[in-house]
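Q: Please take a close look at one helix in this structure. Then set that helix against the rest of the chain.

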Amino acid sequence: MRIEFVEIANFRKLISTRIGLSPAKTVFVGANNSGKTSAITALRYFLVDRERSKFCFNDFTLSHWPAINTMGQAWETAQAAQQEMPASDWDAVLPFLDVWLHVADDEVHYVQNILPTLDWDGGRLGVRMRLEPKDAAELQKDYVNARAETLTLQAAGAALAQQQGEAAESFQVSIWPQNLVEFLSRRLTSFFTIKSYVLDPAACVDPEHGVAQPQLLNGSEPIDGDPFRGLIRIDEISAQRGFGHAGEEAGPDENATTSPAGSRKLSVQLRQYYTRHLDPYENPDAQDLLALKAIEDAQKAFNLRLSDGFKSPLKEMHKLGYPGVTDPKLNISTRLRPVEGLNHDTAVQFVVPMGDGENTVDLFLPEDSNGLGYQNLISMVFRLMAFRDSWMRVGKAKHKAADDSIIPPLHLVLIEEPEVHLHTQVQQVFIRQAHKILRNHDELGGGTNFVTQMVVSTHSSHIAQECDFDSLRYFRRLPGGANSIPTACVVNLENAFGADPDTKRFVTRYLKVTHCDLFFADAAVLIEGPAERILVPNFVNTHPEFANLSESYITWLEIGGSHAHKLRKLIEKIGLVTLIVTDIDSCDAAGSSAVPMRGAGYTTRNHTLKTWWPAILALDELLDKAEADKIKSYAAENFAIRVAYQCPIQVEFKGATVEALAYTLEDAVVTENLALFATLPGTGLIAKFRTEIANSANFNALATALKAALDKGSKAEFALDLLEIADPIALKPPTYIREGLLWLAEKLEHKQLELGLAQIGSAEQLALPDAGAVEVDA
């Protein structure tokens, strides 16, 4: 048994999204504000905190707010006309979570409460957890009454203002509630609750264009109780781990479906673990008796010391006539409980050995004195062990469970941003070992009777690199369209490369070796070699026309044109805006590298240009390609890629204006900065270029000389030397790079507007709740 996927709808940015879960480990990745936190929060609210609802109205998808207000206005209109209240149409806007399980036919005894039909014989089972009104009619009544009081009060204020000489129509005060959204923003928990429904596996359909198609309930009745009790144990490590201060100590419940939140301090966790699994007073065994005997002996010795210590004060009290002959006598005794030895801030200490060359002395520091990184790591690891042992009822926990309760066959563990305070190597070690820790038990290991599924949300590229593509779920931001409210979808990277294991292996290794942050960027730039890797970002950072790009989160991937096309399936899958800066790589009929020349029948050796875009082999066609034709748009996925390669330009050299055809970044830089390089001081290639510019009789001779120099010189060293130019703006970027960067800047600016990252409207346009409204209670 395992959770196959979940579908989240109408919850924050996730308007209708399917998230597939891997059998063992699933990792949420994506750029900032892409919905990762929304997803992990939805799982928390519906699965972990459903008994203590934490929902607020801001969890409703923003684009539904106008429809909710319209529904409230219809109620007010019916009330004013003394007509029957219209039926509430909540179904399209209510947040819900569908959990779809894959259950074998021999596991039916676990799922009897959620079977859709009596003839079900294994496969999928679905349960919907939906936030909905407890009593829709009562909600209608209370809302229209609250609005009536608001209007009455407003009219009374206007009348009073008119008596004082102010125009009644100009008297306006924002009194709560102004609309249904504002009403529910303060009263949601009073009127809404989570209800569960059994879903029909036959009505479960695949998403369309990344948008989930959850089934309608069609009048289904909710089921009673917790649908996952005895079926799934759910534990969570949230991003707020509360280091440096004591937290609440929630008591353990061995039969609970979810774990208590509690403190994240290790001393508190140890105390909870002791109480749950090790307390010798709970169902003692033979080994516990030895400990209890030692405690009893210590208690007797302490009681004797107390009696001796209090002998004098008690005698003095006796002089006052108490206790008398008939009065009970005082006796002072102690009670030793081992857990109390852990009930202080220094219960956990870190040992620091100190030596003087001959002797070593151990010094002890309290838990709070250790670094936050180690505190976080130790805390998370210990919590994972505690989750596992509570699930498997290790030690005394098995005696505390209800007699008729069974161990749930499925353990779901949510971990939010484990990278907090951890440096990169520790992040990678943690994600490699976390699932192994959760399975480190005799009944678990590689067995299939009990399944552990771990879900991790992260902003760390280092964690993503340690995970197989099969476990990654990419959260992609979607534009808001006409309503300007952005949403998100989730891309399952499990099948990103189809039946092409060679490409998948190459991309996996490449991204790991280059420490790529592709899954967290706003855009990607694929660049040809080390010189481009040095100079192109420098152009972005130093030239004012690229200022928008310098403020964007761009990942730079150094990958040649012969390999860039291997990233095609991944880039198209995640829909990432991409600029490919590559070389035209011209060759003659024999296939040998050659300086570009028109009319010679030359072709390109660049696989990206040949097979991806513009999918052209002939050099002359590539040279004549218009700038607009270098863009490939993906309409369905709403993104585009653009190639940028050396293009013909007009240059003036030795009194003649000619067409220049560059074939690498380096000669393109020189060609477009001839005046600068003619006098630029320097050694290496800079010196050779300066000499050739002076000695070449015409541009054709210069082009040949430049190629010969580049074939022998160090391109990376040349690029590094250019960083030392006193005025970096004096070095103009080649035209093909400039045009490509300007296109990317325009795309990102447009994307920012689509995603609502710029100002998209006022509070009145979106019908946002007025924080300053005055609340009037009936």
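A: A residue counts as buried when its relative accessible area is under 20%, with a 1.4 Å probe. The model is predicted. Take helix α6, residues 286-309. Its buried residues are Asp288, Leu292, Ile295, Asn303 and Leu306. An α-helix has 3.6 residues a turn, so residues three or four places apart point the same way.

The span of α6 is next. The helix has 24 residues and reaches 35 Å from its first C-alpha to its last. That is close to the 34 Å expected at 1.5 Å a residue.

Now the wider chain. The protein chain holds 25 helices and 24 strands. Of its 778 residues, 47% are buried. Among contacts with a separation of 6 or more, 73% join residues 24 or more positions apart. The accessible surface comes to about 36,900 Å², and carbon and sulfur atoms account for 51% of that surface.

In soluble globular proteins, nonpolar side chains tend to be buried together. Here the largest nonpolar core has 113 residues. Leu384, Leu493, Phe519, Leu570, Leu722 and Leu744 have the most contacts inside this core. Helix α24, residues 735-754, gives the most to this core, with seven residues. A second, separate core has 64 residues, including Met1, Ala39, Phe55 and Trp176.

Leaving out residues up to four places away in sequence, Leu570 touches Phe469, Leu493, Phe497, Val507, Leu511, Leu518 and Phe519.

Note on methods:
Residues numbered from 1 in each chain as written. Predicted model: local features only at pLDDT ≥ 70, side-chain atom pairs only at ≥ 80, totals over all residues. Heavy atoms only, no water. Helix = DSSP H or I, 4+ residues; strand = E, 2+ residues; numbered from the N terminus. Expected span 1.5 Å × (residues − 1). Buried < 20%, exposed > 50% of the residue type's maximum accessible area, 1.4 Å probe, protein only. Contact = heavy atoms within 4.5 Å. Areas by Shrake-Rupley, 256 points an atom, 1.4 Å probe, with all protein chains shown as cover. Core = buried A, V, L, I, M, F, W, Y, C linked by side-chain atoms within 4.5 Å.
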